[in-house]
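Me: I would like to learn how to read this model feature by feature. Where do we begin?

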Amino acid sequence: MVQIRCKKCGRELNNKDKYCPVCGNLIKKNVFARAILFIIAVLIVFYIYPKLINKMDEKTHVKYSDPTVSITASLLHNIYEQNEPAADKKFKGKVVSVSGEISSIGKDMIGKFNICLKTKNNLCSIQCFFDKAHKKKVVAQEKGAYITITGRCDGKTGRVILRKCVF
Ligand SMILES: [Zn+2]
């Protein structure tokens with residue numbers, strides 16, 4: 001914790017002191033400044049940082065011409081469920097073509113469009129993210145339709161993530 005000192009006499013104070021025990025000076029805690037700092041920190045963590053990462057990602061190029069594997073959503077999810085490190089070794093950073101049924105079409109906090117592919121037990125087991133350029137195509141898709149999506153596998157964070165997707 002930051003040590004607070006009395007602005008008048010310089011004595012060290014307890015955090016809960018309202019008045020300096022030596023000179024009786026009223027201690028103003030800068031609640032407003034703290035709130036502003038807190039808001040800035042929240043903005044950076046939840047808004048600016050993801051946007052920056054997204055911008056960098058939009059610039060990266062993926063070679064779609066020859067995907068490493070063509071696989072069903074169920075099988076890819078199964079492989080990840082059984083042994084995540086082994087699955088990462090096989091798929092992470094590589095371009096894969098995944099086929100499955102669309103369970104939902106969504107948009108995340110930073111406005112990135114995504115399509116979820118379902119498996120028997122999971123409504124969203126493979127989440128496929130698209131760059132802005134594909135927005136129209138993504139929105140035109142329908143829940144329940146069968147689709148094959150090609151993208152870069154970015155491992156598993158709750159669900160298996162595919163980025164830079166095309167179809
Ligand atoms: Zn004082």
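**Strands, exposure and domains**

Reply: Start with a hairpin. S7 and S8 form one, with 1 residue between the two strands. In its turn, Gly 158 has a positive phi of about 80°. Keep in mind that this is a predicted model.

Me: In which sense do S7 and S8 pair, and over how many bridges?

Reply: For any strand pair, read the direction, then the bridges. Strand S7 covers residues 146-157 and pairs with S8 in the antiparallel sense, over 5 bridges.

Me: Which residue stands opposite Arg 163 in S8?

Reply: Arg 152 stands opposite Arg 163.

Me: In which sense do S6 and S8 pair?

Reply: S6 and S8, the latter spanning residues 159-166, pair in the parallel sense. That pairing has 3 bridges. On this side, Ile 161 in S8 is the bridge partner of Gln 127.

Me: How far is Gln 127 from Ser 103 in sequence and in space?

Reply: Compare the two kinds of distance. Ser 103 and Gln 127 are 24 residues apart in sequence, and their C-alpha atoms are 9.9 Å apart in space. Ser 103 itself belongs to strand S4, residues 95-107.

Me: Which residues does Ser 103 touch, leaving out those up to four places away in sequence?

Reply: With those left out, Ser 103 touches Cys 116, Leu 117, Lys 118, Leu 123, Cys 124 and Lys 143.

Me: Why is Ser 103 called partly exposed?

Reply: Count the neighbours. Ser 103 has 19 other C-beta atoms within 10 Å, so it is partly exposed. Buried would take 20 or more.

Me: Is Lys 132 buried or exposed?

Reply: Use the count again. Lys 132 is exposed, because 11 other C-beta atoms lie within 10 Å. The cut-off for exposed is 12 or fewer. Lys 132 is placed in the loop between strand S6 (126-130) and helix H4 (135-139).

Me: How far is Lys 132 from Gln 3?

Reply: The C-alpha atoms of Lys 132 and Gln 3 are 48 Å apart in space. In sequence the two are 129 residues apart.

Me: What domains does the assignment give for the chain?

Reply: The assignment gives domain 1 (4-59) and domain 2 (69-166). Their C-alpha centres lie 41 Å apart. The contact takes 5 residues from domain 1 and 5 residues from domain 2.

Me: How do the residues on the domain 1 side divide?

Reply: On the side of domain 1 that touches domain 2, there are 3 charged, 1 polar and 1 nonpolar.

Definitions and conventions. Residues are numbered from 1 along each chain as its sequence is written. This is a predicted model: local features need pLDDT of at least 70, side-chain atom pairs count only at pLDDT 80 or more; totals for chains, interfaces and linings use all residues. Domain bounds come from an automatic or database domain assignment. Two residues are in contact if their C-beta atoms, placed from the backbone, lie within 7 Å. Ala, Val, Leu, Ile, Met, Phe, Trp, Tyr, Cys and Pro count as nonpolar, Asp, Glu, Lys and Arg as charged, and the others, Gly among them, as polar. Helices (H or I, at least four residues) and strands (E, at least two) are DSSP runs, numbered from the N terminus. Two strands pair if DSSP finds at least two bridges between them.
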